[in-house]
Amino acid sequence: MTFDRKTGIFLPESVRREKEDYSDFLTGDFNADRRRIAILLETLADVNTSVEVRSVMRNVLDKSIGVTGAERAILMLYDDENVLRIEMARDDRGNELGNAVKYSHSVAMRVAREGRGICLIDTANQDEISLGQSILDLKLLTVMCVPLRVKDRMIGLLYVDSRASSREFTDRDLTLFKALAGQVAVAVDNSRLLEHYVEKQRIQEGLAVARDIQRSLLPRGGMTLPGLDIHGESVACEETSGDYFDYIRRPGGRLGLVVGDVSGHGIPAALLMTTARALLRSLTATDAVPAEIVTRVNAFLSEDVETGRFMTLFYGEMDVRDRTLHYVRAGHNEPLVYRRDADDFEELAEGGIALGMIDDFEFECAGPVQVGRGDLLFLYTDGIVEAVSARGEQFGMHRAKEVLRANRDRSARDIVTALRRAAHAHIGTDERQDDLTLVLAKAT
């Protein structure tokens with residue numbers, strides 16, 4: 001607030017800034033000026049008492065009508081694509097007029113283009129500018145429109161009009177309207193920012209719940225069986241992940257080892273992953289063999305998967321008694337077997353297409369693959385081999401092999417930790433471009 005010595009009235013900051021219109025705002029009549037300031041202060045207090053954006057907008061429009069005596073008021077705001085759109089329109093009886101209400105586009109576009117307010121009085125007798133057909137069609141006699149600014153940024157327009165000849169706007173009305181607009185712009189902008197913040201918080205809370213649920217579906221750490229030390233980890237690049245791993249006990253001393261990767265990220269990928277997990281779990285509870293299990297999962301997913309989305313999967317069954325592996329690889333990265341005695345690597349390359357691409361594809365089982373004492377079976381998603389450094393260089397399979405070889409005498413958990421740390425060091429940042437999932441089975 002600034003004290004005006006001429007009139008003995010404290011003026012709002014927005015009014016003080018309107019230097020070019022200051023003399024028009026104050027009439028010199030103490031009582032009249034006091035009423036104008038009182039109206040402005042009351043309006044500013046009212047529009048700032050609510051934080052809910054729709055309530056603020058209703059208040060802004062009703063007060064605009066009250067201040068100017070107009071028949072209608074319209075609030076227009078720029079959207080995220082910088083397109084000016086009607087957010088709300090109301091009449092002097094408190095009715096909402098919808099977003100398709102007709103108004104003077106020529107006046108609004110001129111204010112938006114020039115960035116200054118316009119007050120048209122007795123439009124029926126104005127011929128110095130092209131008023132636009134809408135003014136004639138609506139039989140408007142008075143129109144007033146001012147920009148809504150927050151600092152140096154125009155966020156929208158505040159517009160009023162009237163067909164009543166008994167209420168003609170004046171230049172002082174325009175000045176008062178501009179003073180009001182300077183404050184309501186901040187109120188509207190703050191309400192929108194708060195609404196976006198609250199909505200973002202709501203989404204984040206929802207994603208946190210989804211993340212916790214998804215994590216609960218994955219094995220917690222490792223598993224130790226006679227002759228096998230197993231450990232797996234999955235790190236999402238977003239709140240939720242399309243990666244999946246699992247250990248599934250099957251009849252006859254067999255253990256299912258699963259790693260999957262859904263194309264894309266976020267909630268859609270997580271939902272597809274969860275669906276695939278449920279299908280796989282239900283089918284492994286039957287007597288179905290690996291090829292039949294994956295074939296049926298593919299058939300189910302193909303019915304529901306949207307075009308362009310798919311899932312790669314490795315499903316292997318290890319006979320714990322003799323450590324022989326049979327597997328089905330559906331478009332997934334080739335798992336590695338590190339042979340301790342030969343100090344060499346073997347890729348499990350046999351396989352078919354990714355899930356969700358061809359509904360009637362028949363998958364075949366590969367194997368048996370013998371895993372000897374000291375050997376390592378490494379299952380992974382492409383998040384590790386495609387991890388990119390600041391120089392654009394991928395981590396690659398050769399680095400993964402070096403880490404496996406260097407840590408071959410350690411536990412499965414320690415080997416997975418070493419792989420994850422090596423990938424993180426290669427990236428050089430906490431930002432990950434893709435989900436990362438690692439499963440290591442060590443024959444002991």
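Begin by selecting D246 and R281, whose side chains form a salt bridge with the closest N and O atoms 2.9 Å apart, a salt bridge being a side-chain nitrogen of Lys or Arg within 4 Å of a carboxyl oxygen of Asp or Glu. This pair links distant parts of the chain, since D246 belongs to strand β10 (residues 243–250) and R281 to helix α8 (residues 266–284), 35 residues apart. D246 is buried at 2% relative accessible area, whereas R281 is partly exposed at 35% (buried means under 20%, exposed over 50%, partly exposed in between, with a 1.4 Å probe and protein chains only).

The model is predicted, so local features need pLDDT of at least 70 and side-chain atom pairs count only at pLDDT 80 or more, while totals for chains, interfaces and linings use all residues. Residues are numbered from 1 along each chain as its sequence is written, and side-chain values use heavy atoms, with hydrogens and water left out.

Next, select D62 and R90, which meet in a salt bridge of 2.8 Å, N to O. D62 lies in helix α4 (residues 53–68) and R90 in strand β4 (residues 84–91), so the bridge ties together parts that are 28 residues apart in sequence. D62 is partly exposed at 32%, and R90 is buried at 8%.

Then move to R339 and E346, another salt bridge at 2.8 Å, N to O, where R339 is buried at 18% and E346 is partly exposed at 30%.

Finally, select E350, in the loop between β15 (344–347) and β16 (366–370), which counts as exposed at 53% relative accessibility.

How values were computed
Helix = DSSP H or I, 4+ residues; strand = E, 2+ residues; numbered from the N terminus.
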